[in-house]
Amino acid sequence: MSKTVTENRSKNRRTTLLLSGVVVLMFGFGFAMVPLYNLFCQITGTQSLSQRSEIGRVVALSDGIDKSRWVTVKFDTTVHPNLPWAFNALTHKMRVHPGETYEVNFTAQNRSNETVTGQAIPSVAPWQATPYFSKMDCFCFNKQTLSGTEKADMPLRFMVSTDLPKDIHSLTLSYSFMRLKEAETIDEKQGISKRIAVNGVE
Amino acid sequence: MSTTTLTHDEAHDHGAPKGWRRWLFSTNHKDIGTLYLLFALIMLFVGGASAMLIRMELFQPGIQLLDPDLYNNLVTNHALIMIFGAVMPAAAGLANWMIPMMIGAPDMALPRMNNLSFWILPAAATMLLLSFVVPFFPGGGTQINTGWTIYPPLSVQVGMSMDFLIFAIHLLGISSVLASINIIVTLLNMRAPGMKMLKMPMFCWTWLVTAFLLILVVPVLAGGVTMLLFDRHFGTSFFDAAGGGDPVLFQHLFWFFGHPEVYILLLPSIGVLSHVIPAFSRKPLFGYNSMVGAMIAVATIGMVVWAHHQYTIGMSLGAVTYFMIGTILISIPVGLMIFNFIATMWRGAMTFETPMLFAVGIVLMFTFGGLSGVMLAVVPADMQYHDSMFVVAHFHYVLMPGAVFGLFAGVFYWLPKWTGHMYDEKLGKLFFWTNVIGFNITFFPQHFLGLAGMPRRIVDYNVMFTEFNVISSVGAMVFGLSHLLLLYIVIKTIRGGKKAESRAWEGAKGLEWELDSPPAFHTWTVAPQIK
C-alpha cells in the first residue's frame, strides 16, 4: 500500500506540474497575442480597416463631376477624454456632387494652459464607402500642436468618387482626436506614422 | 495489497470532524462538494435578485427604479454572479461529490488544493460584491456600466469598482484553474483498477473535457484583465488607440475565453443528462463512444470560433466567413449528442420523476436555443440581431436549460444519495413546472422584442415594446420566486424524509449507487475491481 501511495503521489505530482505548465503557457499566450495579433492582421489583412484605407488612396480618382447625383456628407467629431481640447465641425452636414472638390472647416481649441499635441483619426460610415471618400488635404495627415488656450481652424478638402456605389446616398465622416503622449520624447514623425500604421488607420 | 489497505483503513477510521473546523480545514471531497453547492445556491439567489431588479425596471418604458448606470451595473453583476458564482461552483460541487465515488477513488487526488480552490471563492465573491457597493460611498467612483464583457475603452474609464472586479476575476480564475487541475489529475491517476478511459462514466468524461477547457482559456482571460489593470493604472496602452494599442484586441482575448466558457457551463450538465436519461429510460446510454467523440469535437471547434461574438467590429470577409462556418459546424456534434439522448429514450420504459422532467426539458429547450444560435451564427443575419434582445433570449435558452436545468436534474438525481432521504416528489414536480413555465414566459417574448429592434443593456425602451416586456417581467417574477421552492425542497430533504436505499433509483447504474445513502465519510478506501 505505502508503495502504491508513494507511486501515486509522484504520478500526481508529475501530472500537476505538467498541467500547471499549461496554465503558465496559456497566461503567456494571452500576452503573446499583443504582438502576434498585429502581425497576423498585417500579413493576412484580417483587420480590413487598414486594407480599406489603403484602397482609399488608390481608387478614389474620378473623371468629371456627376452633376446629376447628390450625396449627403455628415461630419462627426469625438475628443478622447485625455485630450483637453474642444473640437467641432463648423459644417455638420452638406450635399455634394460626386467628383467635385469641397472644403470644410473644423475648429479646435486647447482648453488647458499647456502645449498639447494631438492627432485626428478619421473613419467613414458606412464602411463600404471608405474607398470612395478621398481626402486631398486634411489636418489629420499631420499631428497638430496647440499652445495653451490657442484656437485654430482645421481645414479639410475632400471629394466623393463618382464610383461610389449607387445605393449609398449618405455617408458620415467621423474624426476622433487623440492625444499623442510621447510626442516630445520619441522621433515624432516616424514613430507616430509607424504606430498608427500598425493600428491600421491612415 | 487489499490486506494492507484494510489495516491502514482501520487505523484511520474516524467520523467527520466536528464544528467549524470540519468545513474550514476540510480535505474531504464530500464536504467540499457540499460547500461548493451551498455557495452556488446562495449566489443563485444573489444573481437572481439582480435579475429581478432588471426585470422590474423593464416592466414599463421610462426610468422608474434604477439609474442607467446602476441598471447596467446590475446587468454586469447578474452575468458574473450567475456564471462564476452559481453555475461553475455548482458544477464543481457535483464533480467533487460524484467523481471520486464514480471512479472508485477514496478522495480527490489533491485534497488540500481542493480546500484552497473552494475557500478562494467566498473571498472572490466578496470582492465582486464590493465592486457593486463601493460606488455608493463618497469617492467610490462610477458604477461598472460595461456589462460582463468589460470592453475598453469604457472599462478603463470606470472608477475604482473596476479594480475590485478585476481582482475578483483573478481570484475566480485561480479557483477554477486549481479545481480543474485537481479534477484532471484525479481522473487520470485515481481510477479504480480496470476502469479504462473509455469505461469512465460520462459525467467524468464531460468534466475531463471541461477541466481541460478551463485550464486553456481562463489564463488568457486573466492575462486580458491584467492588461486592463495595467492600462488603468500603469500607463500602458495595450487597448488604448492613442498610445498605439487596440481596443479590439481585448475583445479577441475576452472571447477567446468567453466562447469556450459557454461549453464549460454546458458540458457538466450534458454529463448529468447522460446519467439521468438512461436511468429513467431503463436503457444504457445510446452511443457512448460517439458521445465522447462529439464532446471532444465540440470543445476543439469551440476553441477557435470566438470571433462570432464580434462580427460587427469590421473584420474582412474571409475572417467572418471562417468564423461563420466554424460556428455552424459545431451544431453537427451537438446535434449528435441530442440525437443520442433521444435514441436513449426511444422505446425505453420511461418514468418522469423530477430529474427526468428536467432532462426532457433540456432536450427540447436547449435544442431551441441551439437553433436560434444557428440564426445568430449567420453573418448577414447577425448584423441585424447583434446586441438586440434576441441575443438575450438566445443565450438564456441555451444557458438555462443547457447549464442550470442540467444542474437541477443532477441535484434532484443525487440528492437521495447525498442526504440519505428521498425528496418530496410532488414538490419536485411542482418546482419543475413553475420553473419551466416561468422561464418560457420570461424569455420567449424577448425573441420578438429583439427581432422588432429592442437593444439589450439599455435601461429604457420605446413604448412600442411595452406589451412583451410586461409579459416578460411577469414571467420573471414567477420564474424567480419558483426558486424559493427549490430552497424549501432542499432544506426539507436534508432534514428528513423517506429513507433512500443505496440504489435510490431502480434504473440507476454506476459505482456511486453501490455505496450507502448517505455514503460513509470515507468511501472506496478499498478500490473496487472493474470487470
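**View 1. A glycine follows helix H15 of chain B.** (Helices are DSSP runs of H or I with at least four residues, strands are DSSP runs of E with at least two, and both are numbered from the N terminus.) H15(B) itself has 27 residues. From its first C-alpha to its last, H15(B) reaches 39 Å, close to the 39 Å expected at 1.5 Å a residue. (The expected span is 1.5 Å times one less than the number of residues.)

The model is predicted: local features need pLDDT of at least 70, side-chain atom pairs count only at pLDDT 80 or more, and totals for chains, interfaces and linings use all residues. Residues are numbered from 1 along each chain as its sequence is written, while chains are lettered from A and ligands numbered from 1 in the order in which they are written.

**View 2. Helices H12 and H15 of chain B cross at roughly 20°.** H12(B) covers residues 354–377, and H15(B) covers residues 425–451. Their axes come within 9 Å. (Axes are lines fitted to C-alpha atoms, for helices over the stretch in contact; angles run from 0 to 180 degrees between N-to-C directions.) H12(B) is therefore roughly parallel to H15(B). (Angles under 35 degrees count as roughly parallel, over 145 as roughly antiparallel, 65 to 115 as roughly perpendicular and the rest as oblique.) The crossing of H12(B) past H15(B) is right-handed. (In a right-handed crossing the near helix is turned clockwise from the far one by less than a right angle; anticlockwise makes it left-handed.)

**View 3. Residues of H12(B) and H15(B) make the contact.** H12(B) supplies B:Thr354, B:Leu357, B:Phe358 and B:Gly361. H15(B) supplies B:Glu425, B:Gly428, B:Lys429, B:Phe432 and B:Val436. (Two residues are in contact if their C-beta atoms, placed from the backbone, lie within 7 Å.) By type, the contact residues are 4 nonpolar, 3 polar and 2 charged. (Ala, Val, Leu, Ile, Met, Phe, Trp, Tyr, Cys and Pro count as nonpolar; Asp, Glu, Lys and Arg as charged; the others, Gly among them, as polar.)

**View 4. B:Phe39 is a buried residue.** B:Phe39 sits in helix H3 (residues 29–57) of chain B. B:Phe39 counts as buried because 20 other C-beta atoms lie within 10 Å. (Buried means 20 or more such atoms within 10 Å, exposed 12 or fewer, and partly exposed in between; C-beta atoms are placed from the backbone.) Beyond its neighbours within four places in sequence, B:Phe39 is in contact with B:Pro89, B:Leu121 and B:Pro122.

View 5. B:Arg347 lies in the loop between helix H11 (317–345) and H12. B:Arg347 counts as exposed because it has 8 C-beta neighbours inside 10 Å. B:Arg457 lies in the loop between H15 and H16 of chain B. With 17 other C-beta atoms within 10 Å, B:Arg457 is partly exposed.

**View 6. Two prolines follow cis peptide bonds.** The bond from A:Ala125 to A:Pro126 is cis, with omega near -5°. A:Pro126 lies in the loop between strand E5 (116–125) and strand E6 (133–138) of chain A. The bond from B:Ser517 to B:Pro518 is also cis, with omega near -5°. B:Pro518 is in the segment after helix H16 (466–495) of chain B.
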